[in-house]
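The stops below say what to select and what to look for.

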Amino acid sequence: MKPHLKKTLALALIGLSTVASAQINFYENESFLGSTFSTDKSVENFARHGFNDRASSVIVDRGRWEVCEDARQSGHCVVLRPGNYDTLQSMGMNNRISSVRPADANTDNDIPAPSNVSAYEYRRRPDERLQRVPVTSVRAVVGAPTERCWVERQQVPGATTQGGPNIGGAVAGALIGGILGHQVGGGVGKDIATVGGAAAGGYIGSKVGRNTTAPSTEQDVKRCETTPSTTPTYWDVTYKYRGRDHRVQMSKEPGRTISVNRKGEPRD
C-alpha cells in the first residue's frame, strides 16, 4: 500500500473511532445546530480547540459530565446526565463553557436532561461527510384554524308583561263610549247605541295600559370567530438520492438542495 494511502486510511480510522467513542457533544447553536466539538475525555481548556464560550446546546451520549465556566474545571460548574439539552440558557451556561471532565461518583449538582426534548435526528454528527442532493418537491403543511373569542356589552330590550284589567280605563272608556253612542240615532235606537257604546268603550278602556315593558338593560355577550391558519407547521420535502425519491418533514423551508450523509439521511 502506498504511504499516502496508509496515511489517509489512518486518519479516517481515527475519525471513525472519535465518533464511535464520543460521549459528549457540544453545539455552537441551540437545538443542536452549528459547529460541533466532541470529546470522550477531560478537556481543561476549550480555547485550545477553538470552542471556548461557544456551546449553546449539548448531547450527552453516556456517563455524567461536569462542565465549567472557567478553564481547568473551575468557576461555576454543573453536571449533565445522559440526554439532550437543546439550550443551556436555563442553567446559566449558554456561551460560557470553558472546560469539561467526567464527573466522579461524589460530584452532585446534577441537571437532568429535559424529558420533552428528543434526540435531534437531523443534527450533523462529528466528522460526518455530507453531500448536496436536489429537492424535487416542497409542500407546506399549515396548522389547525385558530378561534378568537371576546366579550362585548350589548343592549337587551326589557321584557313586556301583561297585567290585570285597567279599571280606571274601563270606566273612562264606558263614559266616552256612552256619550258617543247617545249621539247616534233616536228613540230606542239611541238608547241601544248608548248602551253599546258604553260597553265597547269600557272593554277597550280596560285593555289600555295592561301591558308594561321593563327598561332595556346591558349584559356581557361572548362572541367567537374562527380564522384559518396560514402559518406552515412543517414542510413535506421530497428529494432525490441515488436515483430514488426520499421524503422528510422539515421545520424550515429548504432551498433547491439539502445535505445528506452517505446513507441518504438529511442533515442540517
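Select residues 57–60, strand β3, together with β6: three bridges join the two strands, which run antiparallel. Strands here are DSSP runs (E, at least two residues) numbered from the N terminus, and two strands pair if DSSP finds at least two bridges between them. Within this pair, Val 58 stands opposite Tyr 85 of β6.

A note on the source: this is a predicted model, in which local features need pLDDT of at least 70, side-chain atom pairs count only at pLDDT 80 or more, and totals for chains, interfaces and linings use all residues. Residues are numbered from 1 along each chain as its sequence is written, and side-chain values use heavy atoms, with hydrogens and water left out.

Now show the whole sheet. It is open, has four strands in the order β2-β1-β3-β6, and its pairing is antiparallel. Select 33–39 (β2) and 83–85 (β6): these are the edge strands, each with a single partner, so one side of each has no neighbour in the sheet. From one strand to the next the twist averages 15°, an angle between N-to-C directions of lines fitted to C-alpha atoms, on a scale from 0 to 180 degrees.

Next, two residues in loops. Most residues other than glycine have a negative phi.

- Asp 53 lies in the loop between β2 and β3. Its phi is positive, about 55°, although it is not a glycine. Asp 53 is partly exposed, with a relative accessible area of 35%.
- Arg 242 sits in the loop between β14 (232–241) and β15 (244–250). Its phi is also positive, near 50°. Arg 242 is exposed, at 68% relative accessible area.

For these labels, buried means under 20% relative accessible area, exposed over 50%, and partly exposed in between (1.4 Å probe, protein chains only).
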